[in-house]
Amino acid sequence: MAENDSFNTLTHDLVPEHHLLTPDEAEQVLQKLGIHRDQLPKIRKTDAAIQILASIHGDIPEGSIVKVIRKSKTAEVFTAYRLVVSEGKS
């Protein structure tokens, strides 16, 4: 692969869809689930999917919520949410 070629991991068949939620969407999800932001599973800012989203949306601040949509033949569609954290947190 040439130096200037890049690979968008989000377009790979085995990688689930990742969508950055707006602050309003994030609050609606938290209310619907009846949980606090810190109860969500975490995803680090250095994760490849977050890096691709950052190249699209700009810097993604810690505390943002990402919607992850997994599709499979057995589970059909499964939606999960992840809290963006800095490298040192998990």
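User: In this predicted model, which backbone oxygen does the side chain of S64 reach?
Analyst: The model is predicted. S64 lies in the loop between α2 and β3. From there, at 2.8 Å, its side chain reaches the backbone oxygen of P61.

User: Is S64 buried or exposed?
Analyst: Setting aside residues up to four places away in sequence, S64 touches L20, R82, L83 and V84. Its relative accessible area is 14%. Buried means under 20%, so S64 is buried.

User: Where is I60, and what is its relative accessibility?
Analyst: I60 is placed in the loop between α2 (48-57) and β3 (65-72). I60 touches L20, K45, I50, L53, A54 and V84, not counting residues up to four places away in sequence. I60 counts as buried because its relative accessibility is 2%.

User: How far apart in space are I60 and L20, C-alpha to C-alpha?
Analyst: L20 is among the residues that I60 touches. In sequence the two are 40 residues apart. In space, their C-alpha to C-alpha separation is 8.6 Å.

User: What is the order of the strands in the open sheet, and which are the edge strands?
Analyst: The open sheet is formed by 4 strands with mixed pairing, in the order β1-β3-β4-β2. A strand at the edge pairs on one side only. The edge strands are therefore β1 (17-20) and β2 (42-44).

User: In which sense do β2 and β4 pair, parallel or antiparallel?
Analyst: Strands of a sheet pair through backbone hydrogen bonds, in either sense. K42 stands opposite L83 in β4. Over 3 bridges, β2 and strand β4 (residues 76-85) pair in a sense that is parallel.

User: What angle does the direction of α2 make with that of β1?
Analyst: α2 packs on the sheet and touches β1, β2, β3 and β4. The direction of α2 and that of β1 make an angle of about 45°.

User: Within what arc do the buried residues of α2 fall?
Analyst: The buried residues of α2 are A49, I50, I52 and L53. Seen down the axis of α2, they line one face of the helix, because they fall within an arc of 160°. What covers these residues includes β1, β2, β3 and β4.

User: Which residue takes a positive phi just after α2?
Analyst: At the start of α2, a side-chain oxygen of D47 reaches to within 2.8 Å of the backbone nitrogen of A49. Just after α2, a positive phi of about 90° is taken by G58.

Key
Residues numbered from 1 in each chain as written. Predicted model: local features only at pLDDT ≥ 70, side-chain atom pairs only at ≥ 80, totals over all residues. Heavy atoms only, no water. Helix = DSSP H or I, 4+ residues; strand = E, 2+ residues; numbered from the N terminus. Buried < 20%, exposed > 50% of the residue type's maximum accessible area, 1.4 Å probe, protein only. Contact = heavy atoms within 4.5 Å. Pairing = 2+ DSSP bridges. Axes fitted to C-alpha atoms, helices over the stretch in contact; angles between N-to-C directions. Polar contact = N/O pair within 3.5 Å; in protein donor to acceptor, adjacent residues only side chain to side chain. Arc of directions from axis to C-beta.
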